Amino acid sequence: MKHFDAIIIGTGQAGPSLAARFADAGKTVAIIERSKFGGTCVNTGCTPTKTLVASAYAIHVARRGAEYGFSVGDVRVDINRVKARKDAASTRSSKGVEAWLRGMTNCTVIQGEASFQSPNSVMVNDEVLEADKIYINVGGRARVPEMPGIHDVPFLTNSSMMDIDFLPEQFIIVGGSYVGLEFAQIYRRLGSEVTIVEMGPRLIGREDEDISDAVREILEAEGINIRLNAKCISLEKRDAGVAVGLTCEEGPPEVVGTQVLMAVGRIPNTSDLGLDKGGVAIDTRGYITVDDQLQTNVSGIWALGDCNGRGAFTHTSYNDYEIVADNLFNADHRRVSDRIQAYALYIDPPLGRCGMTDAEVRKSGRRALAVKYPMSRVTRAYEKGETQGIIKICVDAETKQILGAAILGVGGDEVIHVLLDVMYAKAPYTVIERAMHIHPTVAEYLPTILGKLVPFA
Ligand SMILES: Cc1cc2nc3c(=O)[nH]c(=O)nc-3n(C[C@H](O)[C@H](O)[C@H](O)COP(=O)(O)OP(=O)(O)OC[C@H]3O[C@@H](n4cnc5c(N)ncnc54)[C@H](O)[C@@H]3O)c2cc1C
């Protein structure tokens, strides 16, 4: 039986960096990958979708050429070239991760599916490997709910979307959250007729209501159909494609399309990992239970990234790696509970979000101050001709620390970090008020906007 100091299962956003840390420290490490190197973000998540967002944005701006003083005639989309550009970006990243791992001294790279044999051993390709420490970084996949008709119709997920080399004519997207909304705008801009079907009363239900409404307005202005309150979704095969039954409060009871994408959440890749043989506990939704430093119930086994249910983003998975590595190698007692929630929604304009939502502030019972400012009054935004969206900031009335913020608008995904870093510094918002920011930027408005705080209602 081969023995290693550490075994890492999965090459997502935490595993490869952790392997590098072990290898650099002169420890032997085996890293196991059953599919493409780099995992979801690189192959079927962030990288390909953000590459598609960039194509869709360029096409959108070309169509608006007259507003900027140029004309390109009819804008014609070549879906194969769009796909080729996306594939090139993903391949570059995936191959980069693979080459990095294979080039590491002390690191053994194994292609195959790993499953636990005991708390300190895993089986891969009929070989049993043993280690003092095992790190699980197996990620997740699209959730496919048991809705009526789901087994009778072909449907797409974020993974199979990566292979399509045609433009869906009438594209139905079930799920009005991050994944669904990004694909909706991308394909609308590429030329599809798009309908979003969402069970809840609004898009991105966890967001503030005014942000949800503003996102809806942005998407509807581009001709995306949005059907909310679809309480009872069912699928049925039709000659031309698929019918999605809705039972909505308003409008016809079904929409018919040529393709349907299921974008209704994610599930962890934990059911085929032999976790019972390792004695590793999971919760009722299949997520591996971990403590504040990401160790499972079994001493010597950790779980990082989407599979632990403590985050669902590339940056949360990478931060998991930092927490585990700093605890192990630097005796720096970092904890998951120290991190501040932050994410972006990459529609155009993007939404950057950090800290608490309005509902969370309300629930906390704190006395707070808040401000809301339209992007249309930001010089940089109207210079660029991109004035949709709002900036919202909420601060604690006593400590003056920032509680949460949302920047929906041009540059929102970047500008949000000004606020996020001040939150990490636990500094009062007044620090920003006294800062001199560069003109013309969206960030230069933050000092002015913070000067307009009023009691949070
Ligand atoms: C469409 C889409 C867009 C997204 N966009 C963004 C974004 O813009 N920003 C952002 O922060 N996040 C985004 N995300 C989320 C992000 O992709 C994930 O949070 C992130 O990739 C999680 O990484 P991970 O480290 O948990 O594991 P993953 O990246 O999922 O990797 C897990 C790896 O483990 C391997 N594996 C699983 N089981 C086994 C086994 N038994 N043996 C061996 N190998 C195994 C898998 O093959 C996979 O390669 C997006 C997700 C989707 C679906």
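User: Why is Cys307 called buried?
Analyst: Cys307 has a relative accessible area of 0%. The label needs a value under 20%, so Cys307 is buried. Bear in mind that this is a predicted model.

User: What makes Cys41 and Cys46 a disulfide?
Analyst: Their sulfur atoms sit 2.3 Å apart. The cut-off is within 2.5 Å, so the pair of Cys41 and Cys46 qualifies. Searching the whole structure turns up one disulfide.

User: Which hand does the link of Cys41 and Cys46 have, and what is the angle about the S-S bond?
Analyst: The link is left-handed, at -135 degrees about that bond.

User: What about Cys232: why the label "partly exposed"?
Analyst: Cys232 has 46% relative accessibility. Exposed would need over 50% and buried under 20%, so Cys232 counts as partly exposed.

User: How many residues does the largest nonpolar core have, and which have the most contacts inside it?
Analyst: That core has 49 residues. Ile7, Ile9, Leu18, Phe116, Leu129, Tyr135 and Ile136 are those with the most contacts inside it. Take Ile9: leaving out neighbours within four places in sequence, its contacts include Ile32, Ala114, Phe116, Val122, Tyr135, Ile136 and Leu273. There is also a second, separate core of 40 residues, with Met162, Tyr187, Val194 and Ala214 among them.

User: Which residues of helix 1 and helix 9 meet?
Analyst: From helix 1, Ser17, Leu18, Arg21 and Phe22 take part. Their partners in helix 9 include Tyr318, Tyr321, Val324 and Phe329.

User: Why is Ser17 called buried, and what does it touch?
Analyst: Ser17 is found in helix 1. Its relative accessible area is 12%, and buried means under 20%, so Ser17 is buried. Not counting residues up to four places away in sequence, Ser17 touches Trp100, Tyr318 and Tyr321.

User: Where are the prolines of the cis peptide bonds from Asp348 to Pro349 and from His439 to Pro440, and what is omega in each?
Analyst: From Asp348 to Pro349, omega is near 0 degrees, with Pro349 in the loop between strand 17 (342-345) and strand 18 (351-355). From His439 to Pro440, omega is near -5 degrees, and Pro440 lies in the loop between helix 13 (430-433) and helix 14 (445-450).

User: What makes phi of Ile204 worth a mention?
Analyst: Phi of Ile204 is near 30 degrees, a positive value in a residue other than glycine. Ile204 lies in the loop between strand 9 (193-197) and helix 7 (209-221).

User: Ile204 and Lys426: buried or exposed?
Analyst: Ile204 has 1% relative accessibility, and the buried label takes values under 20%, so Ile204 is buried. Lys426 is at 59%, and exposed means over 50%, so Lys426 counts as exposed. Lys426 also has a positive phi, about 55 degrees, although it is not a glycine, and it lies in the loop between helix 12 (412-424) and helix 13.

User: How do you know that Leu453 is buried?
Analyst: Leu453 has a relative accessible area of 15%. With the cut-off at under 20%, Leu453 is therefore buried. The residues Leu453 touches include Leu369, Val371, Ile393 and Tyr429, not counting those up to four places away in sequence.

Methods:
Residues numbered from 1 in each chain as written. Predicted model: local features only at pLDDT ≥ 70, side-chain atom pairs only at ≥ 80, totals over all residues. Heavy atoms only, no water. Buried < 20%, exposed > 50% of the residue type's maximum accessible area, 1.4 Å probe, protein only. Core = buried A, V, L, I, M, F, W, Y, C linked by side-chain atoms within 4.5 Å. Contact = heavy atoms within 4.5 Å. Helix = DSSP H or I, 4+ residues; strand = E, 2+ residues; numbered from the N terminus.
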